[in-house]
Amino acid sequence: MGAERADLVIIGAGLAGSAAAWAAAARGLAAVVIEARQPGHRRGSSHGSARIFRRAYPDPAYVRLAGVAGRLWRQLEDEAGEELLHVTGGLDYGRARDPQRLHEVLAGCAVPAELLPPAAAAERWPGIVFPDDGPVMFHPEAGVIDPERAMAAMLRLAAAAGVSVRHEVPVTRVEAAGGGAVVHTADGPVTAPVVIAAAGPWLEPLLGGLVRLPPLAVTQQQAFHLAQREGAQASWPVFICCDDTYVYGLPAGRDGEVPGAIKLGEHGSGTATTADDRDGVVCAAARARVTAFAAARLPGLDPRPVGELTCLYTSTGTEDFIFDRQGPFVICSACSGHGAKFAPLTGQVAVELACGGRPPDRRFTLAAHLAAV
Ligand SMILES: Cc1cc2nc3c(=O)[nH]c(=O)nc-3n(C[C@H](O)[C@H](O)[C@H](O)COP(=O)(O)OP(=O)(O)OC[C@H]3O[C@@H](n4cnc5c(N)ncnc54)[C@H](O)[C@@H]3O)c2cc1C
């Protein structure tokens, strides 16, 4: 019997691969999604119930892309019949975050946002201590994405439209052949004219021998769940504080061990590892830093974590994503610790590339990444 044939193979069913499955279904492609692990597994980057959605970026290109992604989240919610992006509003503060500049950029993109003096912000959000050396920016479109439910919804919709979704089937090898590609699995090979590699932190081991990739730094990150103090603050927006430290926070949702817990993490201070070698052990120094931050600057929270988790970042040197095609391979890496919010757009971009389209911006190409090294 010959190899199974498909229009498109998608490797990986994290947020990026699940979104590609949803986009492939919308195009009527006979696609096959092959995921090594079980649904909801916690070995990659997309697990759990909470990631920040925000428009606040210093670069207008990302502000606009987040706007497109926001509309696609709403479309996904409509199709899935459930809430996947809960709007809370978002705060950006701290010298190095440069709220003033962020405000200018959002205004330039017609995204509603306000700048508040620290005293006014403290009145509105008494659970947070704001540094008094600069303003605080609030933008109402920010909120919390539920990745676990989003992945399940995208795969469910894709499967209902005829996409074949296979979990617990590791891809052992990929090769270019006959103008397309062969994807080898323990269940046998699948051939297709084009393959989307959405393997997250496994991208380099999967494809590095076939495509020249830029350096990808895989780091183990940690996040902590802290209980709210009763009556401290009516509701919690997502927030990013960046001065001596870069700490983000957001309502943790179902993951949070206690109702209303807030998830706190540091951006950019992870431990170098690989997807297969990571140990899943929370860094004690990071726990101490985050606890100290909460004790000093988040009086609305009990600083002792009620829960904690690890997760992997896959970062490029510029923190830009990689969306490009080389031969039969689409490289889809919405990475660097900020890709979740773009997921439904990521899927569309990947499928567009698979169908002969171009990357949405030159910065996402392999050539641009390699030139920046
Ligand atoms: C702690 C943390 C906090 C974050 N916070 C935010 C945030 O607030 N906002 C935001 O926008 N983004 C955030 N991110 C980033 C976001 O979560 C990631 O960008 C996104 O989840 C990446 O998804 P992915 O599908 O590319 O990778 P993954 O979720 O890792 O998916 C890759 C999948 O490929 C599968 N796979 C790999 N190799 C194979 C193989 N050989 N065969 C078959 N399957 C294979 C894996 O099993 C995995 O399921 C955060 C990330 C972390 C770690």
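The shell around the ligand takes at least three residues from each of domain 1 (4-47 + 148-214 + 318-372) and domain 2 (90-140 + 217-315), with domain bounds from an automatic or database domain assignment. This is a predicted model, where local features need pLDDT of at least 70, side-chain atom pairs count only at pLDDT 80 or more, and totals for chains, interfaces and linings use all residues. Residues are numbered from 1 along each chain as its sequence is written, and side-chain values use heavy atoms, with hydrogens and water left out.

### Exercise 1

Describe the residues that surround the ligand.

**Solution.** Start with the count: 33 residues surround the ligand, where a residue is near a molecule if one of its heavy atoms lies within 4 Å of it. The closest are Glu35, His41, Ser46, Ile52 and Cys311. Next, sort the shell by type: 19 residues are nonpolar, ten polar and four charged. Here Ala, Val, Leu, Ile, Met, Phe, Trp, Tyr, Cys and Pro count as nonpolar, Asp, Glu, Lys and Arg as charged, and the others, Gly among them, as polar. Finally, look at the elements: strand 20 gives the most to this shell, with three residues. Helices (H or I, at least four residues) and strands (E, at least two) are DSSP runs, numbered from the N terminus.

### Exercise 2

**Solution.** Take the backbone first: a polar backbone atom of Ala36 is 3.0 Å from a nitrogen atom of the ligand. Now the side chains: an N or O atom of the Arg37 side chain sits 2.8 Å from a ligand oxygen atom, and for a polar side-chain atom of Arg51 the distance to an oxygen atom of the ligand is 2.9 Å.

### Exercise 3

**Solution.** Strand 1 runs parallel to strand 13 (residues 190-192), joined by two bridges. Within strand 13, Val190 is the bridge partner of Glu4.

### Exercise 4

How do strand 21 and strand 22 pair, parallel or antiparallel?

**Solution.** Strand 21 (residues 322-326) and strand 22 (residues 329-333) run antiparallel, joined by five bridges. Gln326 stands opposite Phe329 in strand 22. Two residues lie between the strands of this hairpin, and Gly327 takes a positive phi near 55 degrees.

Note on methods. Pairing = 2+ DSSP bridges. Polar contact = N/O pair within 3.5 Å; in protein donor to acceptor, adjacent residues only side chain to side chain.
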